[in-house]
Amino acid sequence: MLEKLPTYIEGFDHIANGGLPKGRVTLLSGSAGSAKTVFACNFLAQGVQHGEAGIFVTFEELPEDIRRNMRGFGWDIAQWEAENKWAFVDASYVPDSQVVVGSYDFGGLLARIEHAVRRLNARRLVIDSLSAVFSQFADHGTVRAELLRLTSALKALGVTALVTSERDSEYGAVARHSVEEFVADNVIILRNVLEDEKRRRTIEVLKFRGTSHRKGEFPFTVTPDQGVVVMPLSAIELKQKSSDLRISSGSAQLDQMCGGGFFRDSIILVSGATGTGKTLVATTFLAGGVAQGERCLLFAFEESREQLFRNAIGWNVDFPRMEADGLLRVVAEYPEISGLEDHLLRIKSEISAYRPTRVAIDSLSALERVGTRRGFREFVIDLTSFIKHEEIAGLFTATTPNLLGGTSITEAHISTITDSIILLRYVEYYGEMRRGLTILKMRGSLHDKDIREFTIDGTGMHIGKPFRNVSGILSGQFSYLNKDELDRLTNLFQDDAPDLADR
Amino acid sequence: MYILKLYVTGKTVRTERAIYNLYDLCDKYLAGNYQITIVDVLENPELAEEEKILATPTVIRELPLPRRRLVGDLSDVRGVLKALDIPFPSEGIEDESLEQK
């Protein structure tokens, strides 16, 4: 197996199974605006920060432009140049008029690159971008031959090189001018796709000759403090430890229905139509944590802080005092302020910084409209994996589009990865609207199977008796049973066989 | 006065050809009114860095201004004369330059 060089770019080494093939040339191809230069600079910057000097060969932008553009990421290239950790080989366009008068080669460039690599003892090298060379010379035959010579010279120098190239469409030829022919061994593609009027950046390792990598596209984002951040998603392994420790849901009655509370490191989904009491369940869950002296974190995407605080007061929960005590943090944001990838990073960094034992997101479905369906699915998977990894309890709410019955997209995406699902439903009860609550799923535990009445008053939530004579609550197609019919049904399954619970 | 700098990479056949062609041209058309400096990029890579030399051989005409770049082994005599603003002799160009066979 070929050795890999860790790039230290967040998440990338996961999908590349360790990094870039060491001592080889890798082509990084992408359309205009796909963050090729940022990725390439990130590769060198991470190298510098891990004690490996890097060379940046630029055919396009001027070194001073790159220095200025990358300062926003906190990379002080000028400083690194002074410390001999970074060097530019400036092959950008020269303003002097240039004519070709005979045969030539790229010996000058090669000599400069070799000199720079030797001078800094560089381990990493970037060429940005190969496509630009073609615009400097009309004779493409010579350019191709010389680029081939250049890439083989890089292998001889022993540097791990990342070479960028332009492509014209997101799903077409690998690169303009077929440059992949010179660096055919390893190809990475960056995409910036417009999907449902939303921009989505993805990265795909197309091939690594002689070594392994993850297949398919992975979303990534570019942030000011970290640069490129790849979301490895399916690269996350399901190896979370599972705990038997129970925590209170904040409601004694709900704990009882769950067979003694939620598990400590579990994901709970609370689903229901608007106004069924999802925010209350989330509030109760957080208040229950605070009552135990636990730190709780709430991400609100539907209501402002003021609204949330006022609601909580109405249920006799004092959020401002909890925040003052340092046991609660409320982050309220509009879902539209950023893309899903950035929301994900924000949520993760808040969790890492605040170190809560309980996290609630109200509601997860509000984030559906920010991204594409696929993007949302990846977001939910990544987020739940992260929360499980942190071994904390996560409670998400999801709003169903229909007032009666129905499921939400959120449910469809995460029902299999959640440990518990609580459904809240409107119940039409002889001409009156009531609320019902049921536990659909409680992984690793027995639970109450009834659909019980759920009421809300000035002291919070209350769970009452089961709806015995209404059926079809979950589907929203109600039918009512009279007393005799109910008794007959109740007795129908009673026989001499022992109860399931006693087995 | 023509001030010309020729950048080459090592002592290759192409280098030799470029040097021969440059001196030959200058002798014929500039009649001693020139100064040629030859820079081997392998020996002085920092000079190549300064001038952003990509392809070799490259001739930079430093004087008279404006600066001009001629890339290649200078076998295209007509092209060289034109690029250097040297008037074409009326009796036609004696082309004895070395060309890649």
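Two strands are taken as paired if DSSP finds at least two bridges between them. Helices (H or I, at least four residues) and strands (E, at least two) are DSSP runs, numbered from the N terminus. This is a predicted model, in which local features need pLDDT of at least 70 and side-chain atom pairs count only at pLDDT 80 or more, while totals for chains, interfaces and linings use all residues. Residues are numbered from 1 along each chain as its sequence is written, chains are lettered from A and ligands numbered from 1 in the order in which they are written, and side-chain values use heavy atoms, without hydrogens and water.

Strand β6 of chain A (residues 97-100) runs parallel to β4(B), and 4 bridges join them. A:Ser97 has B:Arg68 of β4(B) as its bridge partner.

The contact (heavy atoms within 4.5 Å) draws 28 residues from chain A and 29 residues from chain B. Buried area is the accessible area (1.4 Å probe) that two parts lose on being put together, summed over both. Between chain B and chain A this is about 2300 Å², with 54% from carbon and sulfur atoms. On the chain B side, B:Lys52, B:Leu54 and B:Arg69 lose the most area to chain A, together 34% of what that side buries.

The rule finds 3 salt bridges across the interface of chain B and chain A. A salt bridge puts a side-chain nitrogen of Lys or Arg within 4 Å of a carboxyl oxygen of Asp or Glu. A:Asp90 forms one with B:Lys52, where the closest N and O atoms are 3.1 Å apart. Helices α1 (13-29), α2 (45-50) and α3 (77-83) and strand β4 (68-71) of chain B each supply at least two residues of the side that touches chain A.
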